[in-house]
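Here is a short note on the pockets of one model, and on one residue within it. Please read it with the structure open.

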Amino acid sequence: YLWYELLISKSTEPADQLLYSDMCLAWAETCEARSPQQTAYQELMGRALWRRGLRAPGTEGVPYFENALQHYKMAAEMYPVRAEFWDEYANRCTLLADRFTALGLNEKAQHLVTESERVKQIAAGLREAWAQTKPV
């Protein structure tokens, strides 16, 4: 994945960036297919899909973003005691809500704002519980 990120960041041609994004997504799909219960691969799929969505104009990126969001959510659910996964899911909900607002998809945006707030509470609760644990 990091090689594709490097190729995308160094490329100045949109067609090449799109190609590298597609190649990255294919690689992430292979990883997930080999080990679908790995949190890391769910998160990787989310990142690859998100990156691919950024390369699509207008509403064409929406399916990529929505699919990415599901992978971020699965990663958090697979490792429910790690606040960082919930934080990332909440952050992506907020980012997609902003994108939906810009596209005029206000109902979808509001749903994601509500979900983001719910998930932020989960993450905060985990951090609070962790802070209250005593070393053994």
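1. The model is predicted, so local features need pLDDT of at least 70 and side-chain atom pairs count only at pLDDT 80 or more, while totals for chains, interfaces and linings use all residues. Residues are numbered from 1 along each chain as its sequence is written, and side-chain values use heavy atoms, with hydrogens and water left out.

2. The largest pocket holds about 220 Å³ of space. A pocket here is an open set of points on a 1 Å grid where a 1.4 Å probe fits, with protein on both sides within 12 Å along at least five of seven lines; lining residues have an atom within 4 Å of a point.

3. Tyr79, Val81, Arg82, Ala83, Glu84, Leu126, Arg127, Ala129 and Trp130 form the lining of the largest pocket.

4. Elements giving two or more residues to its lining are α4 (62-78), α5 and α6. Among the lining residues are Glu66, Lys73, Tyr89, Phe100 and His111.

5. Gln42 sits in helix α3 (residues 39-54). Is Gln42 buried or exposed? Gln42 is buried, at 2% relative accessible area (buried means under 20%, exposed over 50%, with a 1.4 Å probe and protein chains only).

6. Leaving aside residues up to four places away in sequence, Gln42 touches Glu32, Pro36, His71, Met74, Ala75 and Met78 (contact means heavy atoms within 4.5 Å).

Methods: Points joined across faces, edges and corners; volume = space filled by probe spheres on them. Helix = DSSP H or I, 4+ residues; strand = E, 2+ residues; numbered from the N terminus.
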